[in-house]
Amino acid sequence: MGEAIVITSGKGGVGKTTTSANLGTSLALLGKKVCLIDTDIGLRNLDVIMGLENRIIYDLVDVVEGRCKIHQALIKDKHFEDLLYLLPAPQNSDKSAVNEEQMRKLISDLKPDYDYILIDCPAGIEQGFRNAIAGADKAIIVTTAERPAVRDADRIIGLLEKEEQIEPPQLIINRIRGHLLHEDEEMDIDGVTDFLKIDLIGVIPDDDQVIVAANKKEPIAYNPDNRVSLAYRNIARRILGESVPLSPIGGEPKGFMSKLKKFFSVR
Amino acid sequence: MNKRIQQNVMIKGTKDGFMLHLDDSCSFSELLKELEVKLSANYQFQENDPSISVKVHTGNRYLDEKQEEMIKEVIHKKKKLFVDEMISNVLTKDEANRWKDENQVTTVTKVIRSGQVFEVPGDLLLIGDVNPDGTVRAGGSIYVMGQLRGIAHAGYKGNNEAIIAASVMKPAQLRIAGQVNLSPDEYTKWGHDLECAFMDEEENIIIDKLQVLKKYRPNLNRLEGGL
């Protein structure tokens, strides 16, 4: 029986979809069978980041309305034999095309066949958000280390705490810029975790290669040499229950590295 | 047989007026009738006599609002009498529960997050933080064992005696009863440790170190004896 994890943030543009794509890829690289569900109806992105947008025939709404079987709508990622699938969102409907009950049924139908079901949540706290969290067992909150993003994450955590079927959410801090940390211009990692008071599952450094990878239609997680990729793969291992220490975030200036290493070694 | 007639209404004089003891075992209509008779049989008031306050004690009888009105009406018919207070030994369950709620400390372990409003009828002991855009509201005082960074409203039903205390005071707003105190802009990054807010006689909200509470709110000490 698989586990459904919703990836959410409240604020838009902090990296939910990138995180969903990369965590899905990383889990598949670790040999787990993964289904990604894009619930951002009307503004889908996940298919683009996965490089699967040309192969969409049926979508989420077709499945819940019974116009096709689930397996007809699922798109297999060719990087893997039989491990990574995507259920795309329709681009020509809106969030009210699906309700929570339908989502719950869809996810419970998928659970027996997959190890992990990752649900990419739209921004906001309206129907799209309610749909995305309806069938989830776990939640991962993505935030950047900026006050507006952290504030929205706080709100989302509050809403998730009311959902009894979801375990206490875990936190990913995305796009940490080492040099800003150094200059004390950004909330640091401790500042964010102290504010939100939930478990940290990973920290992702900011890296231009993520954008390059998105344009190449291939999630960064395939690149074994990139630090963002490494960070995502470590999060995937933590999801599997391994204890992997947080790796240091590289950044200018050089002297900072040693400082940060020291900072993390005491954790 | 000379059976002594049971008196349903007894009048007793006290130093600030007199008290009517109403028996609680007879029927209400009987009581009302007897009250009327008792009061009319008494002394005729003169024009320039001062008004006399009456306390009414209803014993173990529960009177609803309508019945209270009826008793008051009978007494008010006597021009010089006015009802100062109705005293009863009994409370309804609702009243008792409200009284209990308003006088108890509710302990919660929770982070009050953005957009959440947490409200208790009595005092609130919060073991956790109040984040920005989060609100805690209490009929009594608010004690935060954590960081107060949102809005705290103590004594929101109009209790000026209520206080707000926090381990780390960095609120967006402090409200006590009807007064609002906007946070100063010069709070340090981490806020101030161990502070409290209370209202002075001019209804200004004062924020000060915890130790001043002993002086301004001695009633907060519920411990008797001991040290």
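**Exercise 1. Find which residues of α1(A) meet which residues of α11(A), and describe how the two helices cross.**

Solution. Asn22(A), Leu23(A), Ser26(A), Leu27(A) and Leu29(A) in α1(A) meet Tyr232(A), Arg233(A), Ile235(A), Ala236(A) and Ile239(A) in α11(A). Here, contact means C-beta atoms, placed from the backbone, within 7 Å, and helices are DSSP runs (H or I, at least four residues), numbered from the N terminus.

This is a predicted model, where local features need pLDDT of at least 70, side-chain atom pairs count only at pLDDT 80 or more, and totals for chains, interfaces and linings use all residues. Residues are numbered from 1 along each chain as its sequence is written, while chains are lettered from A and ligands numbered from 1 in the order in which they are written.

Next, take the geometry. Helix α1 (residues 16-29) and helix α11 (residues 227-239) of chain A pack at about 65°, with axes 8 Å apart; axes are lines fitted to C-alpha atoms over the stretch in contact, and angles run from 0 to 180 degrees between N-to-C directions. The pair is therefore roughly perpendicular (65 to 115 degrees).

**Exercise 2. Decide which residues of α6(A) are buried, and what covers them.**

Solution. Buried means that 20 or more other C-beta atoms lie within 10 Å of a residue's own, all placed from the backbone. Gly128(A), Phe129(A), Asn131(A), Ala132(A), Ile133(A) and Ala134(A) are the buried ones. Six of the eight residues of α6(A) (127-134) are buried, so the helix is largely enclosed by the rest of the structure. Its cover includes α5 (100-110) and α7 (147-161) of chain A.

**Exercise 3. How many residues of chain B are in contact with chain A?**

Solution. Nine residues of chain B are in contact with seven of chain A.

Definitions and conventions. A residue is buried if 20 or more other C-beta atoms lie within 10 Å of its own, exposed if 12 or fewer, and partly exposed in between; C-beta atoms are placed from the backbone. Angles under 35 degrees count as roughly parallel, over 145 as roughly antiparallel, 65 to 115 as roughly perpendicular and the rest as oblique.
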